[in-house]
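Please view the sequence and the structure first, then follow the topics below.

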Amino acid sequence: MRADFPAAVCHLSELVRIPAMAWDSFDPAELDKAARHVAGLMHQAGIADVDILQAPRPDGAPGAPAVVGRRPARNGRPTILLYAHYDVQPAGDIALWESPPFEAVERDGRLWGRGVADNKAGVMLHLAALRNVLQVLGDDLDLGVTVFIDGEEEAGSPSLPLLLQQHGDLLHADVLVVADSGNWKVGVPALTTSLRGLVLGTIEVRVLDHALHSGTYGGPLLDAVTVLSRLIATLHHDDGSVAVAGLLSSETPGPSLSEEEFRADSGVRPGVPLVGSGSLTSRLWTKPALAVIGMDVPSVALSSDTLQPVARAKFSLSLAPSTDTAAAMEAVRRHVEKHTPFGADVTFTPAGRTEGFAGDASSPAATAMLAAMEETWGVAAVCMGVGGSIPAVNILTRLYPRAEVLITGAEDPDSRAHGANESIHLGDFENAILAEAVLIARLNSPD
């Protein structure tokens, strides 16, 4: 089966060239192009029944096209659903990339390019695994296989609930494999068994009806940027842990991560201390983490000598997997309203939330996946958490509550998903394909 790997890399490189981004500010034609390309790859992988489906978003705008390929189960065998997404994050500052972001480049045993890890590798992982299985089993593959490729995961999959409501009968499965995560480190495979929840929102403070000359009026009052900065500072304790009351937090078992490993993986500057308390894995997987991810304030280049009347910030709050996200959003609202300084007017606006996920590493499918990983890599696989969220996991598990869920992927700690110079390790990508092929073959066996 390893002889087919160059084709998988070639197909992944072709897909990377399509800059499909599911925001209104980008060309939707690229989403259509990517969906058609994925549909063609499904046909090449041996799937005859392929559809491109689309549903509206909650605001009524058209959602991104999703691609569904199906091989129905035969002889009473179960069905496996293979999920990934073809849409990507924007490239950001092109000057930070060592090679063009939408051209896949092989270098130092890795493949570089925007979306190569998150999540076009997941798309090709599924299709290459299925192609390999069909090369070996052919007509003996009785296991039902459905491949579902989302087109707007990076935008929160807003049209996915309605799409599943309309076409959920096409996607019913006994096992869900979501290839949108990664491995513990290069050479050590992992099954992701927990995801943190997520809430997003904006905080706006207003202190004036209009801007004022800072020299003429400065002194008796503070500008909105300063007031907002002081409010933001109350969101964390002095040790850097989240100060919002009422959020769940716990220690987590699992593999240990040293400070040296974390610093090497993250690229944190030498003089910057790590914050919070407890093990590093719990700080990453089962404790809350809050970041300010954007601010609406005048840029330095365009600033004038002015007291700003209003300023706004967007926050991202990651939550322990079992946290009620609605309650967490209200906890942030209460904190903001209580701690806004100097009597400023404050407006809190929720911007979305995703529930966390806690999987079962002892389920039959998980046991089979862990064994397939160990057989393929030649080392024991680990179970790990991930600090991020995957909206589709919770949407799919709500629709199919009895399905066994496996979260895998081709990333590693240095993949830099969402950042410049995104990449995957080609050796781990190949092993991930083979491990999934082994899983499919074993689930196909009636023994």
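V297 is placed in the loop between β11 (289-296) and β12 (306-307); helices (H or I, at least four residues) and strands (E, at least two) are DSSP runs, numbered from the N terminus. The model is predicted: local features need pLDDT of at least 70, side-chain atom pairs count only at pLDDT 80 or more, and totals for chains, interfaces and linings use all residues. Residues are numbered from 1 along each chain as its sequence is written, and side-chain values use heavy atoms, leaving out hydrogens and water.

**Around V297**
- V297 is partly exposed, its relative accessible area being 34% (buried means under 20%, exposed over 50%, partly exposed in between; 1.4 Å probe, protein chains only).

**Strand β3**
- Since seven of the seven residues of β3 (residues 79-85) are buried, the strand is largely enclosed by the rest of the structure.
- T79, L81, Y83 and H85 point one way from β3, while I80, L82 and A84 point the other way.
- Seven bridges pair β3 with β6 (residues 144-150) in the parallel sense (strands pair if DSSP finds at least two bridges between them); the partner of H85 in β6 is D150.
- Four bridges pair β3 with β7 (residues 175-179), also in the parallel sense, and L81 stands opposite L176 in β7.

**Three-stranded sheet**
- An open sheet of three strands has the order β4-β5-β18, with antiparallel pairing.
- Its edge strands, β4 (105-107) and β18 (423-425), each pair on one side only.
- Three bridges join β5 (residues 110-112) to β18, where the bridge partner of R110 is H425.
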